[in-house]
Each structure stands twice: as C-alpha cells, then as structure tokens.
Amino acid sequence: MSATEAAVRVDAPAINAPAESEADRLRRQILAIVVPEPRKMSYQEFLAWLDEDTLAEWVDGEVVLMSPAKREHQNVADFLLRTIADYVEAKGLGEVISAPFQMKLERGREPDLIFVATEHLPQLQETFLDGPADLVVEVASEESRSRDRGEK
C-alpha cells in the first residue's frame with residue numbers, strides 16, 4: 001500500500017453507526033490528504049502551508065478548518081464592508097480588509113473584517129496583520145459560535 005493509499009483509507013463504520021453518505025466519505029478522504037497531520041506548528045509553518053483557497057485558522061499551534069460562509073453571513077459581512085470601507089476611505093483613516101485575511105495575535109484568526117488605522121499600517125504584511133486591528137468585526141453563525149469564542 002502506498003503512502004497516499006494509507007492516507008486516504010477509510011475504516012468501515014462501527015456496528016449500529018448511521019450510514020455515511022458518499023459525499024461525507026469523499027470529504028473525509030480529501031481532508032485526509034489536504035489537512036496536515038495533527039501536530040503543533042509555528043505560525044510561519046502555517047502560513048507556508050496555507051493557500052488562499054483554504055479556509056483555516058491557526059489556534060494554539062494547530063490548524064482549525066472552517067466551513068464556507070452561508071449567503072446570509074456573506075450579505076451581512078458585505079454590507080458592513082461597504083459601509084465601513086466607504087467611511088474610512090472618505091475620511092482617509094486607514095484600510096479595511098475582509099476575509100480571508102489573517103490577524104496574528106496569540107492565535108492566527110481570520111475575522112470577517114478588520115480596520116487598520118493609518119498609524120498601524122506598517123503592521124500589515126502580505127498575507128496577515130502582525131498584531132491587533134483597530135477594529136475587528138466577526139459575523140457570528142451557528143457553526144462558528146464556539147470557535148469565535150476561542151473554545152475548542
């Protein structure tokens with residue numbers, strides 16, 4: 001058996017376990033290939049692993065995958081982005097950035113919106129903000145409540 005076959009092998013479901021759909025089975029196989037082995041990694045290793053198509057955060061040195069946002073969530077986030085960004089631009093106050101964009105503190109989080117005041121713009125890196133934003137907006141969803149609170 002090759003390393004790839006070993007990485008995507010899915011064990012048979014336990015007796016009396018609900019049947020797994022084909023879509024769920026394929027998702028688990030894909031995640032087995034895409035998601036790094038559970039291990040601690042530095043933020044720099046996380047950034048090297050992460051690409052712009054992967055929805056993930058870095059929490060306590062581990063990768064936390066996120067599901068895509070629902071339309072209602074995006075509508076709220078987009079409205080707030082347009083409103084805040086228009087004001088910030090009109091007043092020349094700094095920059096507003098929407099997800100996906102990392103904000104690195106003790107954890108690498110990806111808020112829905114961040115505002116960085118002009119005096120803090122040097123903290124902006126190519127793929128993340130190195131430090132706290134001046135304003136952070138997170139549109140809460142059922143799926144993300146515990147993650148947004150910093151719970152595991």
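1. Asp51 counts as partly exposed, because its relative accessibility is 41%, and the model in which this value was computed is a predicted one. The residue is found in the loop that lies between helix H3 (43–49) and strand E1 (56–59).

2. The largest nonpolar core has 8 residues, namely Met41, Tyr43, Phe46, Leu47, Leu50, Ala56, Trp58 and Phe128. Helix H3 and strand E1 each supply at least two residues of this core, and H3 gives the most, with 3 residues. In soluble globular proteins, nonpolar side chains tend to be buried together.

3. Phe128, a member of that core, touches Tyr43, Leu47, Phe101, Gln102, Lys104 and Gln123, if residues up to four places away in sequence are not counted. Another core, of 7 residues, lies apart from the largest one and includes Ile97, Phe101, Met103 and Leu129.

4. Strand E6 (residues 113–117) is largely enclosed by the rest of the structure, because 5 of its 5 residues are buried. Leu113, Phe115 and Ala117 point one way from E6, whereas Ile114 and Val116 point the other way, and all are buried.

5. The strand pairing of E6 can be checked on both partners. Strand E3 (residues 94–98) runs antiparallel to E6 and is joined to it by 5 bridges, with Ser98 standing opposite Leu113. Strand E8 (residues 135–137) also pairs with E6 in the antiparallel sense, over 3 bridges, and there Leu135 is the bridge partner of Phe115.

Definitions and conventions:
Residues are numbered from 1 along each chain as its sequence is written. This is a predicted model: local features need pLDDT of at least 70, side-chain atom pairs count only at pLDDT 80 or more; totals for chains, interfaces and linings use all residues. Side-chain values use heavy atoms; hydrogens and water are left out. Helices (H or I, at least four residues) and strands (E, at least two) are DSSP runs, numbered from the N terminus. Buried means under 20% relative accessible area, exposed over 50%, partly exposed in between (1.4 Å probe, protein chains only). A nonpolar core is a set of buried Ala, Val, Leu, Ile, Met, Phe, Trp, Tyr and Cys residues joined through side-chain atoms within 4.5 Å. Contact means heavy atoms within 4.5 Å. Two strands pair if DSSP finds at least two bridges between them.
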